[in-house]
Amino acid sequence: MLLAGAMCLSVAGCGGNSGATTQGSTQASGSGDTQAETEAAGSEDVTEAPAGGSGELVDGKFTETKHIVVEVYDRGNDGGTDPTNNMYTKYIQDGMLADHNVEVEFKAVPRWTEVDELNNLLAAGTAPDICVTYDYATIQTYANMGGVLDLAELVEQNKDITPNLWNWLGETNMLWDKDPFTGTLWAIEGKRATTNRINTFIRKDWLEKLNLEVPTTKEEFEKVLIAFRDNADTLLGADADKMVPYSVSYDVGWRAATLIESFIDPSISTRDFYVNGFDDRKLTEEGTKEAVRLLNKWYNDGLMWNDFALYGSGDTTEDDMMKAGYVGSFTHNWDYPFRNGDDSINANLKRIVGEDAGYIAIDPFEDKNGGHTKYVTSTAGDRKIFFPMTNEEPLACLLYLDWISESEHIQYLQLGDEGVTHEVLEDGSYSVIAATGDPIMNSGFNIDYTITCNGLNLVDSAKTDLSISHSYAGIEPEIVAEANRIANVDARQEEHVNVGPIDAEEGMGTALSEKRDIMYDQCVAAPVEEFDATWDKYMSDYLSSGGQAIIDERDQKWVNLFGDTDSLPN
């Protein structure tokens, strides 16, 4: 109630105009001044701005300077730059002012507590004009309270002046979240240029030292973990007590994703997968329990990090253990040990342990058919971009999204300056150079600024593929290429199911996510004989706290829209 009251105050006096413009018209809409200015402009393209942002566009530039505030993640990187003030923010600010006469201010939001921070900003009416989040439930909650702009009319009526945005995202990502019944559009989905998701990594030098083959099945993987555990003295010497054969961290559902997915029936129906798919950690999918049972066995056999559940989001303890050389294997984002240049996990291992030390990607989790099914992200499985109702310049903000979606702008933000952050190789591909000082990128490929693009996306698409392997400073290209290949073995994307908003999900994202993480952690760490009882206890709580209501509503809305079929209609 307090939140709703705060929202009412924060949006009071703000119009409900969607921000649509009158496109391509040289006639005034009831204003003699506008007509005169149009005639004076001659052949210039004059566009009347929306009621929510007064002024005109002449050749794409506002005749009056506009000011917008854009959210940017603060990742708190050691040695990183101020995310609101660096060479990349200046590049954007100078470009937007020159091309559109729009002043851009950046507002930092902590990456690891972004949902909480956005909730506070939205409730207080001080959210940036352009907001970014991975959590659509937050957007839906505030949309239902009248705190988010409906973008449907804005984006449709401004196609002509936002060609970069539409060409890059396409209708798929632009209209991904459009309600099939009401037509409302609360957010635009950023696009993943690379849909790779999760890989498992293992110390290649440890395999070689113990004369072990690269594991290709769960059974082989377990035997390797046992070998690491039993040979801790050989592998770590005086630090043998620090041995961690396998690590997944507190976020078991994400970090053990490929293991969990290997227990899901590859033939699962679209309906079943969707109904239980409101949680991207796949907690309620059939097969997940058995995957966690295996993790529970490994934990109790001393094959996993004993304290994995104690260190939450943003904590560096696990990374520090990897860099120091104590972790034999882990599952994480597909390129994780290669990130961050000189401070990457592999680079640290070479400095601390030796030139031969480092992680390679492996593919050890087979499904019931002997394949290696992995659910990669959809092109729309990225950040959601939305405008709060307090946004008074929606068109300027839309032009901002168009500007950062222009291919040359994306390329510069991702690569920086030649000789400083990258070099051009003989085949025309790009190789990243570890940067220092202001040219440092706080996020991989600067995705915190290319919010419509996640992943390398160069002007020349052929060079993009060539460059991926050279995109990690100090990392052997062949290691990256193999990780890229493995991430795509038997990869499949979830089918997009849009039945409109699920009322039962509203406001439940954070609470259920916390319960899910606790459940995963407790079940992994439970005594083997107590696993079933622990699983049932926490699952019952999860379902009764809102999970079952979401499952039921998803299934009912599927039936309402598609009938009693298990597949989407062609």
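This is a predicted model: local features need pLDDT of at least 70, side-chain atom pairs count only at pLDDT 80 or more; totals for chains, interfaces and linings use all residues.
Two strands count as paired if DSSP finds at least two bridges between them. Strand 6 and strand 13 pass that test, pairing in the antiparallel sense over three bridges.

- For a residue-level landmark, look at Thr133, which stands opposite Lys384 in strand 13.
- As background, strands of a sheet pair through backbone hydrogen bonds, in either a parallel or an antiparallel way.

**Nonpolar cores**

- The largest nonpolar core holds 83 residues, and Phe228, Tyr246, Leu295 and Trp298 have the most contacts inside it.
- Helix 22 (residues 531–562) supplies the largest share of this core, with seven residues.
- A separate core of 47 residues lies apart from it, including Met87, Val102, Ile130 and Leu401.
- In general, nonpolar side chains of soluble globular proteins tend to be buried together.

**Salt bridges**

- The count of salt bridges comes to 41.
- Lys66 and Glu393 form one of them through their side chains, at 3.9 Å from N to O.
- This pair links distant parts of the chain, 327 residues apart: Lys66 sits in strand 4 (residues 66–74), while Glu393 is in the loop between strand 13 (384–386) and helix 17 (394–404).
- Lys66 counts as buried because its relative accessibility is 4%, under the 20% cut-off.
- Glu393 also falls under the 20% limit, so at 16% relative accessibility this residue counts as buried.
- Within helix 8 (residues 204–209), Glu208 and Lys204 lie four residues apart, about one turn of the helix, and their side chains meet in a salt bridge at 2.4 Å, N to O.
- Glu208 is partly exposed, with a relative accessible area of 45%, and Lys204 is partly exposed with 37%.
- Lys368 and Asp265 meet in a salt bridge of 3.3 Å, N to O.
- Lys368 belongs to the loop between strand 11 (359–362) and strand 12 (374–376), and Asp265 to the loop between helix 12 (257–262) and helix 13 (270–275), so this bridge ties together parts 103 residues apart in sequence.
- Lys368 is exposed, with a relative accessible area of 63%, whereas Asp265 is partly exposed at 30%.
- A network of salt bridges links Lys289, Glu290, Arg293, Asp532 and Asp536.

**A histidine to look at**

- His332 is found in strand 10 (residues 329–333).
- The relative accessible area of His332 is 11%, so this side chain's residue counts as buried.
- Setting aside residues up to four places away in sequence, His332 touches Arg197, Ile198, Asn199, Phe201 and Arg255.

Key
Residues are numbered from 1 along each chain as its sequence is written. Side-chain values use heavy atoms; hydrogens and water are left out. A nonpolar core is a set of buried Ala, Val, Leu, Ile, Met, Phe, Trp, Tyr and Cys residues joined through side-chain atoms within 4.5 Å. Buried means under 20% relative accessible area, exposed over 50%, partly exposed in between (1.4 Å probe, protein chains only). Helices (H or I, at least four residues) and strands (E, at least two) are DSSP runs, numbered from the N terminus. A salt bridge is a side-chain nitrogen of Lys or Arg within 4 Å of a carboxyl oxygen of Asp or Glu. Contact means heavy atoms within 4.5 Å.
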